[in-house]
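Hi,

Here is the structure I promised you. Have a look through it, and then read on for what turned up.

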Amino acid sequence: MFERWKVQDFPPGEGLAAGVLGSEYDDSGWADVPVPGDVHRALLAAGWIQDPFYDQNESGAAWMEEKEFWYRIRFPGPLNALEPGERLQLVFEGADTFATVYLNGHELGRHRNMFREAVFDVSGAVQFAHPNTLAVRFDPPLKQVPPPEEWGFRPWAPDQPRVWMRKAQFGYGWDWGPRLPTIGLWRPVRLRRQRGACLRGVHFHTLHLEADRSRALVAVRVEAEQFADLAGAGLKAAITLTAPGGGAARYSLPLAGSEATAYLTVRQPDLWWTHDLGTPALYDLQVDLTAGDTVVDTHRAQVGIRTITLDQSVDVEEPGTRFFRFVLNGVPIFARGANWIPADSFVGAISEAHYAGLLSAARDAHMNMLRVWGGGLYEHDSFYALCDRLGLLVWQDFMFACAAYPEHDPDFAAEVEAEARYQVRRLRSHPCLALWCGNNENQWIHETMRWDQPDAHHVPGLLYYNVILPRAVAGLDGAVPYWPGSPYGGDDHNSQTDGDRHNWNAWHGGIDRCFGDPPGADRSPEGVSFRRYAEDQGRFISEFGLHASPVYETLRRVIPDDQRFHHSPSLDHHNKDNPKDKGDALMAGTTGLPQTLEEYIDFSMIAQAEGLKFGIEHYRRRKPHCSGTLLWQLNDCWPVLSWSVIDYYGFGKAGYFYVRRAYAPILASFRPAEDGGLELWITSDRLEDLTDFVTVRLATFGGDTLHEETLEVSIPANSSHMVARWPADEMPGGPDRYAAVRSAGGLFPANRHFFAMIKDLARTPAEPEVRIAAADEHTLHVTLTAPAYTYFVHLIVPDEDTRYSDNYFDLEPGETRTIAVSNAARPLTPDMLAVRWR
């Protein structure tokens with residue numbers, strides 16, 4: 001009913017004067033706009049604006065910030081009038097952002113928060129069995145912000161009016177995103193008919209799990225509202241919990257007041273695990289609210305039986321430190337994952353299929369946790385449902401990021417509290433939910449900026465992070481832990497001894513400090529090098545990353561032909577980090593500086609991929625003292641040069657495939673010792689003890705074997721250990737050689753160690769022999785044989801639906817590998833594929 005609307009812009013205040021509220025108003029010249037959707041996409045489809053992602057067209061949409069936009073739709077009223085005790089509500093699940101709603105020419109009310117639903121009682125306003133006209137005016141957001149002299153607090157920068165808006169903050173530009181603030185009805189609109197009473201919320205959570213996991217105690221809290229006389233009928237909740245195998249448990253719960261809780265014992269429960277530890281089992285929960293014999297409301301959801309806690313106990317093996325590790329069903333886990341930003345600048349356009357592609361790619365890369373970053377949005381329902389099904393944990397930030405926020409305005413504070421309560425109710429029963437977090441970087445940046453001032457430890461916004469948000473979580477959830485910010489903890493909010501940490505020493509050249517120390521930076525090639533990860537003794541690394549170009553095909557789609565060169569105006573426009581040559585220092589120390597666009601694509605990808613590999617290996621070797629790595633970042637919101645490992649269109653960068661190998665549940669990695677020796681470590685996130693035979697080889701790039709031995713290794717469950725060590729005279733390093741390790745049982749991906757940076761290796765690029773065979777219409781088998789060490793072999797098909805069994809890999813001298821290349825969406829032929837190497 002409410003999917004196809006019309007939209008039109010007006011100068012502020014002129015829409016009403018034009019008579020847009022009238023039922024006879026002619027809106028045939030307006031643009032069509034789908035709901036859920038966004039104004040930018042609608043105007044692009046209508047030809048009113050150029051693609052803001054192409055070239056430097058972003059600024060061509062800036063005029064939209066100054067206009068008011070009107071949505072209109074005519075819809076038939078319900079055929080049947082309301083019965084006594086019934087009400088009809090008009091529900092906007094997401095209106096972005098400063099909206100005034102009119103029905104049949106009369107104002108229903110106003111709303112100013114895209115992060116919570118707007119609900120209007122239209123029982124007496126809708127015309128039953130007749131046409132109705134619904135209109136929504138979106139006012140220019142910047143004009144709703146008070147002038148700076150009335151702010152009442154000191155902002156970090158005068159150009160951050162976004163802090164006064166409960167709106168996706170990234171829309172006003174970030175160091176990876178364009179300035180394209182969204183407008184419109186970004187989530188569904190519906191009419192909701194209710195009879196006498198309704199469910200306000202249902203909370204399913206696991207209270208207790210026996211140590212042997214043979215029995216679980218779960219709770220179902222039912223929150224109801226009675227808004228009309230029920231003729232003496234009492235309210236009850238009929239609860240049905242159906243197991244994955246089909247057996248069902250039923251429970252009848254009387255509701256004496258507005259809420260009640262049922263406690264159910266489940267024997268031999270099917271537990272929800274992350275995909276790497278077991279099956280993410282889901283139960284079907286149905287709650288019917290009844291008045292007498294009549295069902296007046298129903299709630300259905302998929303839920304999981306699992307416990308999740310955050311262990312911050314003292315780490316006695318590293319005095320003066322504490323753990324920061326998640327414990328799932330009693331098992332301490334190492335979080336292998338990434339940060340998630342909105343998957344599109346135009347958030348209403350994000351489809352379930354788009355989510356599924358990215359989330360499946362995360363799972364396939366052995367990730368078990370994603371952090372929903374605080375400058376974006378609480379994602380669409382399908383995001384969390386997919387994480388439930390795929391066995392991915394979610395660290396959920398509240399939507400505050402990189403700014404000081406007003407807390408003295410009671411209306412703004414009340415809006416934040418209403419938003420928090422709405423989102424906690426909405427998301428709390430998802431088994432994927434692992435943490436509520438107050439914000440992104442606000443405490444840390446404020447103290448760094450104000451380090452020598454009396455207010456260094458009171459960032460405007462603490463009312464939310466220390467009071468309002470934890471109160472909402474404790475009162476409405478209570479099962480998922482809360483954390484005040486990210487990073488947070490220790491003697492510096494970005495401490496290595498306590499809490500979580502953002503490592504931006506690599507890439508940004510940060511320098512570690514304590515409270516009261518002046519901040520500093522080293523932006524030399526050595527200062528931004530990924531080798532600095534080896535200095536990090538952090539407990540949980542919730543951000544770290546390196547910049548890289550997307551694939552050529554992505555650039556081809558958005559950069560004009562004459563601009564396809566490194567640091568062209570168009571290419572630099574698609575790099576929102578400043579200065580635009582910041583990545584040159586990283587490449588200078590890793591690969592050398594590029595001379596062509598092709599070299600820039602490869603060199604930046606190599607620097608990112610080698611750096612992420614190096615960092616992940618270091619952090620995983622430190623398990624359990626380090627208990628998680630969430631790389632920055634998984635995805636992009638537009639075609640851009642950024643820290644992502646999967647670009648906007650879905651192409652995996654080299655970093656994605658390097659991470660996929662480094663995040664394997666069992667990792668073998670080399671660590672160079674300070675005395676020149678070499679160590680081999682095995683890190684296992686599996687829950688069973690294992691043994692394996694591993695072959696370790698030292699060889700030249702030309703193919704000469706200098707040392708080779710096979711070792712039997714014991715791999716204890718859920719641990720990290722050094723299993724072998726060679727002195728420098730047994731495994732002498734050098735720029736002309738590498739060390740490699742392979743598993744006889746295939747327990748882990750093969751790995752290698754270089755004794756110098758890529759630019760300093762003494763090797764000659766070797767062209768592999770390539771044979772391509774069609775396995776079927778949609779699959780190619782590509783067999784490659786290396787005459788000498790072949791570095792950075794990558795297969796290219798300019799189609800984002802193409803999948804590779806592996807990519808961006810090395811071949812040892814004489815090695816042969818066959819890679820499966822498939823595309824379920826369209827046929828593949830050999831001429832569509834190219835093979836490259838370095």
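Ring pairs tie Y656, F657, F701, Y738, F754, Y789, Y791, F792, Y804 and Y808 together into a cluster. Rings of Phe, Tyr and Trp (its six-membered ring) pair if their centres lie within 6.5 Å; planes under 30 degrees apart count as stacked, over 60 as edge-to-face and the rest as tilted.

Before you go further: this is a predicted model, where local features need pLDDT of at least 70, side-chain atom pairs count only at pLDDT 80 or more, and totals for chains, interfaces and linings use all residues. Residues are numbered from 1 along each chain as its sequence is written, and side-chain values use heavy atoms, with hydrogens and water left out.

Back to the rings. Searching the whole structure turns up 58 aromatic pairs. Take F2 and W5: their ring centres are 6.4 Å apart and their planes sit at 35°, so this pair is tilted. F2 and W5 are both buried (under 20% relative accessible area; exposed is over 50%, partly exposed in between, with a 1.4 Å probe and protein chains only). F170 and W176, on the other hand, form a stacked pair, with 6.1 Å from centre to centre and 25° between the planes. F170 and W176 are buried as well.

Some rings have a charge over them (NZ of Lys or CZ of Arg within 6 Å of the ring centre and within 35 degrees of the ring normal). The charged end of R87 is over the ring of F227, 3.7 Å from its centre. For R817 over the ring of F809, the distance to the centre is 4.7 Å.

Which way do its side chains point? L393, W395 and D397 go one way, V394 and Q396 the other, and all are buried. In a regular strand, side chains alternate between the two faces of the sheet.

What does β26 pair with (pairing takes at least two DSSP bridges between two strands)? Strand β25 (residues 369–372) runs parallel to β26, joined by four bridges, and V372 has Q396 as its bridge partner. Strand β27 (residues 433–437) also pairs with β26 in the parallel sense, over four bridges, with W395 opposite L435. From β26 the chain crosses through helix α5 (residues 410–427) to β27, in a right-handed β-α-β crossover (with the strands pointing away from the viewer, the path from the first strand over the helix to the second runs clockwise). β25, helix α4 (residues 381–390) and β26 make a right-handed β-α-β unit too.

Cheers

Conventions:
Pairing = 2+ DSSP bridges.
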